[in-house]
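I opened a new notebook page for this chain. The entries follow the order in which I looked things up.

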Amino acid sequence: MSKEGPSAGPDISGCCPVESARDTESKGRAAMPTQREEDEAIIRRQIGRIVEGIRAKDLEGMKRLYATDVVSFDVEPPLQHVGIDAKLKNWENAFAFFQDVDYEVRDLTLTVGDDVAFGHCFGRLSGTLRNGTATSGMWVRGTFCFRKTDGDWLIAHDQVSVPLDMSSGRGVTDLEP
C-alpha cells in the first residue's frame, strides 16, 4: 500500500465517520490536520476496506490489510489463528456459508499513536446463506490493533467475541448495540 490521498479508499461515512480537522481562526485559515488525525483517517479507510473485502469475499484484497504475522482471536476454535494464511483461511471458512454476505460496523472508536493504534466496535456478519435463507446474523464485539509498517497501517491483532452467560456457559448471541 502506498501513501493515500484524501480521496483514496471507499466512502465509509455510514459506518466509520472520520472527524475532520477542527477549524480554528488562525489568520483566517482552517488548521491543517495533525499527523494523528491523518493516521486515524487512514485507519478508518482500512476498516472500510475490510468491510468492502468481506462484502465482496475478496481474500486477496483483505490480505493486504493484515500484517503477515497477525494473531487473531476469533469466535471459533482454535484459541488463536496465527499468521496471514490462518486469518484468510478463517475468512474463507466463514464465506463458505454465504451466497451473499454483508458486514456492518457500529460505534468504531480509535486511539492512534505514532506507530501503533487500537480500536473497538460492534460488527455484524449477515447475508443470504448457501441454501437461500436470509440471516440477520449476530452482533459481536471487535477489537483491532494496528501497527505502522513501512508507512502502512496493518492489522497486527484482532479479536472477536460474544458475551458469556456464566450460568449456562454459552455465548449470548441475541444482543444488539
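Which strands does helix 1 lie across, and at about what angle does helix 1 run to strand 3? I found that helix 1 lies across strand 3, strand 4 (116–129), strand 5 (134–149) and strand 6 (152–161). Helix 1 runs at about 165° to strand 3. Angles here run from 0 to 180 degrees between N-to-C directions, with axes fitted to C-alpha atoms, for helices over the stretch in contact; contact means heavy atoms within 4.5 Å.

Ground rules. I noted that this is a predicted model, in which local features need pLDDT of at least 70 and side-chain atom pairs count only at pLDDT 80 or more, while totals for chains, interfaces and linings use all residues. Residues are numbered from 1 along each chain as its sequence is written, and side-chain values use heavy atoms, with hydrogens and water left out.

Elements. I listed 3 helices and 8 strands in the chain. They are DSSP runs numbered from the N terminus, helices being H or I of at least four residues and strands E of at least two. Along the sequence the pattern reads α-α-β-β-α-β-β-β-β-β-β.

Helix 1. I checked the length of helix 1 (residues 35–56): its 22 residues should span 32 Å at 1.5 Å a residue, and the end C-alpha atoms are 31 Å apart, which agrees. The expected span is 1.5 Å times one less than the number of residues. Just after helix 1, lysine 57 has a positive phi of about 55°.

I traced an open sheet of 6 strands in the order 2-1-6-5-4-3, with mixed pairing. Strand 2 (81–82) and strand 3 (98–112) are at the edges with a single partner strand each, so one side of each has no neighbour in the sheet. Strands count as paired if DSSP finds at least two bridges between them. Strand 1 (residues 66–73) pairs with strand 2 in the antiparallel sense over 2 bridges, and serine 72 stands opposite histidine 81 in strand 2. Helix 3 (residues 84–95) lies across strands including strand 1, to which helix 3 runs at about 60°.

Core. I looked up the largest nonpolar core, which has 27 residues; Ile54, Tyr66 and Phe146 touch the most other members. Such a core is a set of buried Ala, Val, Leu, Ile, Met, Phe, Trp, Tyr and Cys residues joined through side-chain atoms within 4.5 Å, buried meaning under 20% relative accessible area with a 1.4 Å probe, protein chains only. Strand 3 gives the largest share of this core, 7 residues. Phenylalanine 146 touches residues including Ile43, Ile47 and Trp153.

Conventions:
Buried means under 20% relative accessible area, exposed over 50%, partly exposed in between (1.4 Å probe, protein chains only). Lists of a residue's contacts leave out its neighbours within four places in sequence.
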